[in-house]
Amino acid sequence: MLQLMLQTINSLSRDERGVSALEYAVLAGIIVVAVVGVGVVFSPALATVFTNLTTTVTNAAG
């Protein structure tokens, strides 16, 4: 029984599939934080750009 438990623990410690999934999850989290940060910083400027764009398109349409 003990030998089976040790073999299971050894095989789990050598399994690297979960490690790569964890790396991708951390990378995705960093990207989300960066996108949210950029959105917060540039939010007023983006609102102005879209307001100007909407006004220009509305005026051009007549």
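The following legends describe views of a predicted model.

**View 1. Overall fold of the protein.** The protein contains two helices and zero strands (DSSP runs numbered from the N terminus, H or I of at least four residues for helices and E of at least two for strands). Its C-alpha trace spans about 80 × 25 × 15 Å along the principal axes. The radius of gyration is 26 Å, whereas a compact globule of 62 residues would have a value near 11 Å (taken over C-alpha atoms, with a globule rule of 2.2 Å times the number of residues to the power 0.38).

**View 2. Helix α1 (residues 2-14).** At 1.5 Å a residue, the 13 residues of α1 should span 18 Å, in agreement with the 19 Å between its end C-alpha atoms (expected span: 1.5 Å times one less than the number of residues). Zero of the 13 residues of α1 are buried, so the helix lies largely in the open (buried, under 20% relative accessible area; exposed, over 50%; partly exposed in between; 1.4 Å probe, protein chains only).

**View 3. Nonpolar surface patch and Phe50.** Patch members have over 30% relative accessible area and no salt bridge, with nonpolar side chains joined within 5 Å and like charges within 9 Å (salt bridge: Lys or Arg side-chain nitrogen within 4 Å of an Asp or Glu carboxyl oxygen). Phe50, in helix α2 (residues 17-61), counts as exposed because its relative accessibility is 51%.

Residues are numbered from 1 along each chain as its sequence is written. Local features need pLDDT of at least 70 and side-chain atom pairs 80 or more, while totals for chains, interfaces and linings use all residues, and side-chain values use heavy atoms, without hydrogens and water.

Methods:
Areas by Shrake-Rupley, 256 points an atom, 1.4 Å probe, with all protein chains shown as cover.
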